[in-house]
Amino acid sequence: VVHFILLFSRQGKLRLQKWYATLPDKERTKITREIIQIILPRGHRTSKFVDWKDLYFCCAVENQDNELLTLQIVHRYVELLDKYFGNVCGLDIIFNFEKAYFILDEFFIGGEIQETSKKSAVKAIENSDMLQEPVKSQEDRKTYTVLFFF
Amino acid sequence: MPAVSKGDGMRGLAVFISDIRNCKSKEAEIKRINKELANIRSKFKGDKALDGYSKKKYVCKLLFIFLLGHDIDFGHMEAVNLLSSNRYTEKQIGYLFISVLVNSNSELIRLINNAIKNDLASRNPTFMGLALHCIANVGSREMAEAFAGEIPKILVAGDTMDSVKQSAALCLLRLYRTSPDLVPMGDWTSRVVHLLNDQHLGVVTAATSLITTLAQKNPEEFKTSVSLAVSRLSRIVTSASTDLQDYTYYFVPAPWLSVKLLRLLQCYPPPDPAVRGRLTECLETILNKAQEPPKSKKVQHSNAKNAVLFEAISLIIHHDSEPNLLVRACNQLGQFLQHRETNLRYLALESMCTLASSEFSHEAVKTHIETVINALKTERDVSVRQRAVDLLYAMCDRSNAQQIVAEMLSYLETADYSIREEIVLKVAILAEKYAVDYTWYVDTILNLIRIAGDYVSEEVWYRVIQIVINRDDVQGYAAKTVFEALQAPACHENLVKVGGYILGEFGNLIAGDPRSSPLIQFNLLHSKFHLCSVPTRALLLSTYIKFVNLFPEVKATIQDVLRSDSQLKNADVELQQRAVEYLRLSTVASTDILATVLEEMPPFPERESSILAKLKKKKGPSTVTDLEETKRERSVDVNGGPEPAPASTSAASTPSPSADLLGLGAAPPAPTGPPPASSGGLLVDVFSDSASAAAPLAPGSEDNFARFVCKNNGVLFENQLLQIGLKSEFRQNLGRMFIFYGNKTSTQFLNFTPTLICADDLQANILTKPVDPTVDGGAQVQQVVNIECVSDFTEAPVLNIQFRYGGTFQNVSVKLPITLNKFFQPTEMASQDFFQRWKQLSNPQQEVQNIFKAKHPMDTEITKAKIIGFGSALLEEVDPNPANFVGAGIIHTKTTQIGCLLRLEPNLQAQMYRLTLRTSKDTVSQRLCELLSEQF
């Protein structure tokens with residue numbers, strides 16, 4: 001089970017937080033701050049990092065969870081965001097933060113994966129989104145980093 | 001401004017976000033946010049009713065502000081209003097706000113639950129989905145109370161859409177995790193199991209997650225899932241990569257589902273032969289696929305494929321029954337040990353650790369020793385090196401111990417500070433466990449102190465002393481080696497301690513050599529004295545007095561040192577006292593008395609290594625067990641408790657040499673009897689084998705037992721030979737009992753063995769220290785019993801005592817009065833509070849009543865004393881009838897605290913009592929009522 005997912009920028013700004021464990025606000029703020037402080041200076045030399053775009057994804061999982069597959073959960077989420085925004089970048093997630101949450105909910109709830117098929121998940125998102133086509137952002141793609149952390 | 005993208009164009013929101021991004025400073029940002037908050041507040045408070053769109057926009061702005069890290073304390077009501085909107089996007093934002101900013105206001109919760117209820121009943125799948133997501137996200141107890149009954153129905157209803165089923169399964173899982181007591185098993189469980197056969201793989205995936213968690217707690221209810229899971233898995237692993245269409249992830253068929261099914265199977269032992277054959281085929285197929293060339297160069301492909309492979313290996317290890325599969329798994333992991341992906345090397349080291357503890361694969365793991373040693377030297381990431389250390393520890397046995405210990409020692413020189421202490425413990429354990437030649441052991445420990453003295457804990461250096469004292473073949477060598485090590489100009493204080501202790505005991509063995517004459521030994525130690533801390537100095541003083549006995553020729557020198565002001569007037573009381581006493585002892589005692597008092601230490605009793613206990617405490621028991629230990633623990637674990645060695649044993653198993661070096665203190669001397677036959681640790685001594693041979697309870701035992709319900713001290717048993725007295729104290733959920741065994745005869749008791757026999761379901765941890773097997777005529781020995789109440793319990797343990805008296809075998813059993821009420825803490829309360837709580841506990845199961853005839857004279861004062869002795873508070877002026885007695889208290893167990901109220905109504909004319917117990921737990925009410933009824 002995933003306990004929480006955090007998405008933050010290289011500057012340490014939180015872009016998305018999703019908690020599947022019930023914790024008081026204070027505790028959440030404290031954990032978030034500590035994690036960002038641990039992760040930002042580490043760079044991606046250590047083993048649990050995979051290069052991605054310009055955001056850090058952080059999943060808190062349990063010791064016995066399958067680590068390689070949790071990595072793929074993050075990958076799948078980025079794929080879904082890509083598919084929805086048409087090549088996602090950090091700004092999309094800032095300006096459409098609520099969509100980033102909705103997409104996550106279609107794919108992953110209560111700390112467990114709900115739908116592993118990309119098609120089904122995208123279809124669910126599109127069904128619920130009765131509005132127009134995405135407008136592509138001009139911002140360049142940068143590098144993201146995905147991190148796992150136990 | 002970048003293009004504001006899709007959606008229903010909340011322009012105001014986009015503008016606001018842009019504004020924030022354009023702020024040049026933190027102050028400007030805060031100013032802009034405050035302005036916006038003021039604006040939103042006035043809109044929400046304004047007279048004009050806001051339309052849905054505006055509400056949605058403002059609520060969304062509040063969310064954004066919250067996500068920037070600012071507190072939001074309003075807007076909840078507007079968000080709740082959005083929930084009942086018929087527009088999907090408005091409802092969606094409402095739910096998002098509620099999920100992110102969970103609020104504990106009860107009125108609000110009622111409104112939210114109401115909205116959710118409506119959406120669940122709407123039969124509109126998108127609305128149902130939103131409501132279920134919200135419950136799964138929040139997962140509060142209130143929501144569990146409201147919906148835990150409803151969701152299983154949605155989940156198994158025939159007409160529920162697949163996507164709703166998926167959400168319902170995970171929603172139920174979340175509620176079960178947060179409030180398992182509110183999710184009752186029922187008819188739906190068997191239907192949920194059949195979801196494993198569902199055509200929709202998304203439904204199967206979600207259902208598997210749910211079933212796995214439920215099966216961990218209720219294996220019996222879900223055991224039919226095993227064969228279904230195996231056949232599902234079999235269909236997946238044998239499918240071609242295109243068969244599963246979109247559920248194939250980078251050419252790997254349904255990796256998430258495969259992993260979940262493999263995880264579900266790990267809740268159960270190996271299945272029946274028929275199913276087992278099919279499962280073995282699946283696992284072989286997964287292992288075979290690992291050898292095939294990759295279908296894609298992408299990392300996603302290899303990650304997904306290996307994720308399934310690692311989970312399959314976990315299952316193989318879990319079953320631990322197919323030697324062929326275990327060896328194949330080991331070979332596969334061996335390949336990964338040299339893989340270029342660090343993640344894989346890490347995971348391979350980790351999995352191999354568990355393989356090393358299987359008797360089938362232990363040898364196969366050992367073949368990789370060189371690779372693992374190499375990893376220790378070359379891995380760049382400390383977490384990987386740590387796993388390499390763990391694996392070396394796990395694969396160590398007599399055949400490779402010297403090599404592994406040498407490698408660990410050399411790694412220790414450069415190891416990261418964070419893991420040094422653990423490596424020290426591991427080296428110390430391995431060196432002891434596999435020592436054939438104890439000189440090697442002594443060298444290893446001294447090396448440890450030299451390389452990483454700061455990380456050598458007390459347990460480690462106590463242990464080397466115990467071993468040297470217990471093995472006379474190594475004492476001379478140890479004395480010589482510490483003497484040489486102490487020559488170093490700067491040596492670690494721990495070395496001074498070990499050196500001081502060993503020379504104090506065995507310095508005479510090397511005193512013949514003029515290079516280590518008594519005076520040289522003394523001067524060497526004393527040259528370190530002033531650099532050491534108080535406890536070390538205290539230890540050295542004891543060494544000096546031992547020298548006075550060993551080497552009369554240095555007596556005068558030592559007396560001078562003891563007599564100096566810096567000792568006799570030392571500000572530290574302990575040092576001062578030792579100096580005074582030792583000086584006096586050396587002056588007044590005759591040689592004979594000195595020789596007796598300062599005699600060589602008796603051997604320490606063999607017990608579980610305290611170092612091992614420490615490592616277990618540090619890492620958790622499962623991570624350090626090796627093959628032998630797993631087996632041993634299985635047999636030891638009589639209480640069914642998860643922790644084989646509670647922390648208190650470690651304190652008990654290592655008498656601190658510095659605390660009572662001379663055995664002069666008031667505490668009883670270390671037991672000198674022969675070590676118990678098995679060295680498996682204290683618990684074995686207490687619980688082993690004698691259960692079958694125990695005598696039936698002694699006559700009168702039950703009566704005596706009852707007398708102790710309301711008191712803690714007194715004589716528990718007495719016959720012509722033996723008297724057993726008790727003294728006990730209890731605090732919260734812990735207790736300590738001193739049992740005194742008195743030999744009433746003038747003849748020795750031999751092979752005196754008291755054993756505690758506990759019922760299997762005893763919810764208390766009970767630890768005893770062994771007692772001396774010989775009890776002299778007229779003597780009394782004492783045994784300490786530590787008790788921890790885990791949960792409420794009924795049966796009391798039985799104390800069985802066996803011994804030989806004048807050639808006849810004696811066998812006595814008595815019930816030991818460890819009863820639930822001992823864990824009572826009294827609670828004072830006023831009349832009003834009492835009756836209010838009384839009413840709250842009005843559930844029929846919570847009350848137990850007993851009407852019984854008085855067995856003793858009905859004396860008010862005695863009754864009061866008994867109620868207080870029972871442990872509850874006696875509440876005066878609470879009951880309107882002054883003849884009645886009421887009491888209140890809390891039973892403390894490790895897991896919970898249970899509030900208890902009691903009322904005793906005497907009827908003098910009929911010589912009867914009515915006793916009523918109300919507590920929050922039915923079994924507690926029952927037990928307390930039984931115990932107390934016997935008292936009057």
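Buried area is the accessible area, taken with a 1.4 Å probe, that two parts lose on being put together, summed over both. Keep that in mind for the first stop, and remember that you're looking at a predicted model.

**Stop 1: where the chains meet.** Colour chain A and chain B separately and turn to the place where they touch. About 5700 Å² is buried between chain B and chain A, and carbon and sulfur atoms give 57% of that.

Stop 2: Show side chains across the boundary. You'll find 3 salt bridges between chain B and chain A. For one to zoom in on, pick B:Lys260 and A:Glu112: their side chains form a salt bridge, 2.9 Å from N to O.

**Stop 3: a sheet in chain B.** Switch to cartoon and look for 3 strands of chain B forming an open, antiparallel sheet in the order 6-9-10. At the edges sit strand 6 (749-757) and strand 10 (808-815), each pairing on one side only. From one strand to the next, the twist averages 15°.

Next, select residues 798-805 of chain B, which is strand 9; strand 9 pairs antiparallel with strand 10 over 8 bridges. Which residue of strand 10 is the bridge partner of B:Phe803? Click on B:Gln810 to see it.

Note on methods
Residues numbered from 1 in each chain as written. Chains lettered and ligands numbered in written order. Predicted model: local features only at pLDDT ≥ 70, side-chain atom pairs only at ≥ 80, totals over all residues. Heavy atoms only, no water. Pairing = 2+ DSSP bridges. Helix = DSSP H or I, 4+ residues; strand = E, 2+ residues; numbered from the N terminus. Axes fitted to C-alpha atoms, helices over the stretch in contact; angles between N-to-C directions. Salt bridge = Lys/Arg side-chain N within 4 Å of Asp/Glu carboxyl O.
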